[in-house]
Amino acid sequence: MAVKILSVDDENDLELLLTQYFRRKIRKGEYEFVFAHNGLEALTMMLKHPDIEIILSDINMPEMDGLTLLAKINEMRNPALKVIMVSAYGDMGNIRQAMNNGAFDFATKPIDLDDLSVTIEKAIEQINYVHASQREHSQLESLKGDLAVARDIQQAILPLTSQLKPFIQDKLDIAASMTPAKDVGGDFYDFFRIDDTHIGLIIADVSGKGIPAAIFMAVSRTLIRATGIRGVSPSECISYSNKLLAQESVNSMFVTVFYAIFDLTTGTMTYCNAGHNPPYLLKASGEVTALPMTGDAMVGAIDDLDFHEATTKLEKGDALVMFTDGVTEAVNTSFEEFGEKRLTATLEQLSKANCQQIIDSVKTDVAAFVGEAEQSDDITLLTVKRI
């Protein structure tokens, strides 16, 4: 599209001069000129042609001078609108004032049209840069809105503890939390009813962050949940999920998973730990121990792996605290990690607390330790306590 240029000058000769000098660009559709004879006419012309991008304005004009016009243009706050001021060479005081007030450049009378042509081209470069920046800003704002929706969707697919509480009643307490480092995260937790006496528990951490991790998170959660809800053993569930995810994995993405089946009647828990942080068993006595690993690799990295399982038991008053490495690897401004020792020390004080209190206390201690440092990874916790 043609660059639209408004010439504002009370001398009619300038109109003929500009149209003659730039006739080739006008003919090719590169430039389009419109004309006004004072500041008031210029403002009216700008209302009729809102796509004007360059204004050549004389300073000394009747009714409204160029400096007043420049002030009015500044009020429009349009960074893509460039004003080139024109005045006599001896009028440098006004020219300097115009430049201080935001004019893009100036030309002196009698106008050197070759020099003016270079100035206009320079203004067009700046205008194009502004337009490109505005497009990028619009795209970023659109992406920001999409990420906000994605964040809401991601949070919505994570289950609410209230959905399970009518089933577990007075047998088990449960609470969970997921705080992404970015708009969307790669961590997830899940819990679901398998049959009248068993529930499935999942906590997982996808490699990477941001949108790719969030998409892989949604796929992984759906697959593991759909497999686990059939009641197969933890090792079978993870083996099957691994086979499918490894075949479909893009950019070598993988997910670490802790999946357990908890027996509400006996307190027995059978689990498979696929490369995930070992959960901590918080005994009613205050003793804290890490669950033994099952020696398995992460899910989605290698096809046709055999996965294993182990068994533990929660006595009444015992709690199992599952977490992702965003807890233990949270760093402060000195780049020190929160670490397993600090987490253990926190948990040792919480043997009488309920699950939500345990999670809140851990998050509070991590936040206090991190201080002003930026959150570097998703922070996710899932805690169950046998009542």
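1. By class, 3 nonpolar, 3 polar and 3 charged residues make up the lining of the largest cavity. The model is predicted. The lining residues are Ser7, Asp9, Glu11, Asn12, Leu14, Glu15, Phe35, Ala36 and His37.

2. The structure holds 1 cavity of 30 Å³ or more. The space in the largest cavity is about 50 Å³. Which elements each supply at least two residues of its lining? They are helix H1 (13-21) and strand S2 (31-36).

3. Next, the helix packing. Two packed helices are described by the angle between their axes and the distance between the axes. For helix H8 (residues 210-228) and helix H9 (residues 234-248), the axes come within 9 Å and cross at roughly 140°. Angles over 145 degrees would count as roughly antiparallel. H8 and H9 are therefore oblique to each other. Their crossing is right-handed.

4. Which residues make this contact? H8 contributes Phe216, Val219, Ser220, Leu223, Ile224, Thr227 and Gly228. H9 contributes Cys237, Ile238, Tyr240, Ser241, Leu244 and Leu245. By class, the contact of H8 with H9 has 9 nonpolar and 4 polar residues, and no charged ones.

5. Now the second pair. Helix H11 (residues 339-348) and helix H12 (residues 355-370) have axes that come within 10 Å and cross at roughly 140°. H11 and H12 are therefore oblique to each other. The crossing of H11 and H12 is right-handed.

6. On the H11 side, the contact residues are Arg342, Leu343, Thr346 and Leu347. They meet Ile358, Ser361, Val362, Asp365 and Phe369 in H12. The residues of the contact of H11 with H12 divide into 5 nonpolar, 2 polar and 2 charged.

7. Two backbone points remain. Most residues other than glycine have a negative phi, and most peptide bonds are trans. Is the peptide bond from Lys109 to Pro110 cis or trans? The bond is cis, with omega near -5°. Pro110 sits in the loop between strand S5 (105-109) and helix H6 (113-157).

8. Asp304 is not a glycine, yet its phi is positive, at about 60°. Where is Asp304 found? Asp304 lies in the loop between strand S12 (288-290) and strand S13 (310-313).

Key: Residues are numbered from 1 along each chain as its sequence is written. This is a predicted model: local features need pLDDT of at least 70, side-chain atom pairs count only at pLDDT 80 or more; totals for chains, interfaces and linings use all residues. Side-chain values use heavy atoms; hydrogens and water are left out. On a 1 Å grid over the protein atoms alone, a cavity is a set of points where a 1.4 Å probe fits but cannot get out, and a pocket is an open set with protein on both sides within 12 Å along at least five of seven lines; lining residues have an atom within 4 Å of a point. Grid points are joined across faces, edges and corners, and a volume is the space filled by probe spheres set on the points. Helices (H or I, at least four residues) and strands (E, at least two) are DSSP runs, numbered from the N terminus. Ala, Val, Leu, Ile, Met, Phe, Trp, Tyr, Cys and Pro count as nonpolar, Asp, Glu, Lys and Arg as charged, and the others, Gly among them, as polar. Axes are lines fitted to C-alpha atoms, for helices over the stretch in contact, and angles run from 0 to 180 degrees between N-to-C directions. Angles under 35 degrees count as roughly parallel, over 145 as roughly antiparallel, 65 to 115 as roughly perpendicular and the rest as oblique. A crossing is left-handed if the near helix is turned anticlockwise from the far one by less than a right angle, and right-handed if clockwise. Contact means heavy atoms within 4.5 Å.
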